[in-house]
Amino acid sequence: MREMTTYCNPLAVEDIPSGRPLNARVAGIKDVSLLKDHRSISDPSVIFWDGKWIMYPSYGIAYVSEDFVHWKHADVGIPDLTYSPAIVEWRGKWYATGHMDPDVYVADSPLGPFVKCGDLTDINGNVRSAVDGCFLADGDHLYLFWHSQVPNPYDEDVEFMAGSVGVELDPDEPWKMLCEPVVINRFDPKVSWQRLGEYNQNERVGWIEGQWAFKLGGRYYLMYSGCGTEFGAYANGVVYSDEGPLKGYVPQKNHSPLTEKRTGLLRGAGHGSIAPGPNGSLWVFYTYALAYDHMYERLVGMDPIGVDENGELFCPATTETPQYAPGLKEHPENGNDAGLLPLTFMQRAYASSCAPGRSAIYAVDESLLSWWQPEDGDEEKTLTVPLGDATGYNVNSVRLIWRYVGMESLDGIVTGPIRYTVEYKAAACGEDWRMLVDASGNDRDLWVDYRQFEPVKAYALRLKIIGAPNGISPGVINFSAFGKCAHEK
């Protein structure tokens, strides 16, 4: 099936950890119980190495994939790098640091084990940290970029002037800066998508963050984010320079922002990275807002990007339906959609039971803030979604996004594999139910579970929850099926 393999956002990444300890630590909250327990993954920095893609997100530290579809957790020797890890290969070694963390780590492999090699220091020897930092190796020179408050050059009244700054690092001791930070770009109140808020309503604050630098040909690019990670308006913009890594940056004239997604199930497309893929392709990774139990409850996605005739980056679409896996299309930037349509949205789902306020319709309403949940004591735990009375659909894949109700790691109630089955109704009349996905023995802890299979003609789908981790009451944030209308011959 490789020639037809698809992925679907948000990415199905296993073993996503609790986001509460890190969110509490960065906020200075000593009693973590003051925050609701929740899962989160965000701010992915992605590299290609030894035939594999390695993702370094906030919270999870490292995940490895050979196909961009299946991501497995990897232990690199340190529990986390706070938010937005920065990673680079330099002179045969790999260096890493994290958000608001002065520690710089080194390893012989990007998969570690990493050990501390020094503290990030400025030209006066003061210990610093790089908020949302990223490295750029360019020949014999190494650079570091990060988010910072910068001087306000405008006449406008601005509460907080954020921007991107950069420095060159000592090539022999790459935790030491060789110059004062140089301002690369800054918040522009006239650029609406940079303004803080769901509707970019705060013209006095622009939270420029989420830096990612890379060089393509002779041009330097810096991708950055704006408006705030907790908002569906979160987006990525790009500035570029033909003069050098620390000067001459201008914003893209077209394709601004580069990635943006304000509507649909998945909202927000900011803070991420750009990684090479097969056949010379480029892929952008980014962060989605969920923000139910905590403002930093998030997920990640990816899509192909291209370079236009003016050397500007463009992203044809930020997606939430099945897309072809990298390597299947020679030029995915010219269109990568698999042509499979959502089939379950707002179909009149019904269930064996519903916990108070957790109606069956919430599993198919395309909102990350609602979910269906069966009542306690329900032995069936089934959700049925009709697709059509007389018209069948060729179903190619399903996507489940779970809600782990009752998660409380302080009491030992933690996430784990959810076991389930999905059946399909094979005839318009009668009760001819057949197995479609048998995950009754599932042993993977997947917050997002995307399953592809040979297409079947179905008139309805039925999800049955069989098992969940002790103490967890599983809910279904989203149950989507993808396919096409089956025309009668």
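Predicted model: local features only at pLDDT ≥ 70, side-chain atom pairs only at ≥ 80, totals over all residues.
Biologist: Let's start with cysteines. How many disulfides are there?

Modeller: The idea is that two cysteine sulfur atoms must lie within 2.5 Å of each other. By that rule, the count here is 0 disulfides. Take cysteine 227: the nearest cysteine sulfur belongs to cysteine 315 and is 17 Å away. Cysteine 485 is in no disulfide either, as the nearest cysteine sulfur, from cysteine 429, is 17 Å away.

Biologist: Is cysteine 227 buried or exposed?

Modeller: Buried means under 20% relative accessible area. Cysteine 227 has 0% relative accessibility, so it counts as buried. Cysteine 485, with 36%, is partly exposed.

Biologist: Now salt bridges, please. How many does a search of the whole structure find?

Modeller: Look for a side-chain nitrogen of Lys or Arg within 4 Å of a carboxyl oxygen of Asp or Glu. The search finds 28 salt bridges. In one of them, arginine 20 pairs with aspartate 37, with the closest N and O atoms 3.6 Å apart. Arginine 20 sits in helix H1 and aspartate 37 in the loop between H1 and strand S2, so the pair ties together parts 17 residues apart in sequence. Both residues are buried.

Biologist: Which residue forms a salt bridge with arginine 462?

Modeller: That is glutamate 423, with the closest N and O atoms 3.0 Å apart. Arginine 462 lies in strand S32 and glutamate 423 in strand S29, so this pair ties together parts 39 residues apart in sequence. Arginine 462 is partly exposed at 23%, whereas glutamate 423 is buried at 19%.

Conventions
Residues numbered from 1 in each chain as written. Heavy atoms only, no water. Buried < 20%, exposed > 50% of the residue type's maximum accessible area, 1.4 Å probe, protein only. Helix = DSSP H or I, 4+ residues; strand = E, 2+ residues; numbered from the N terminus.
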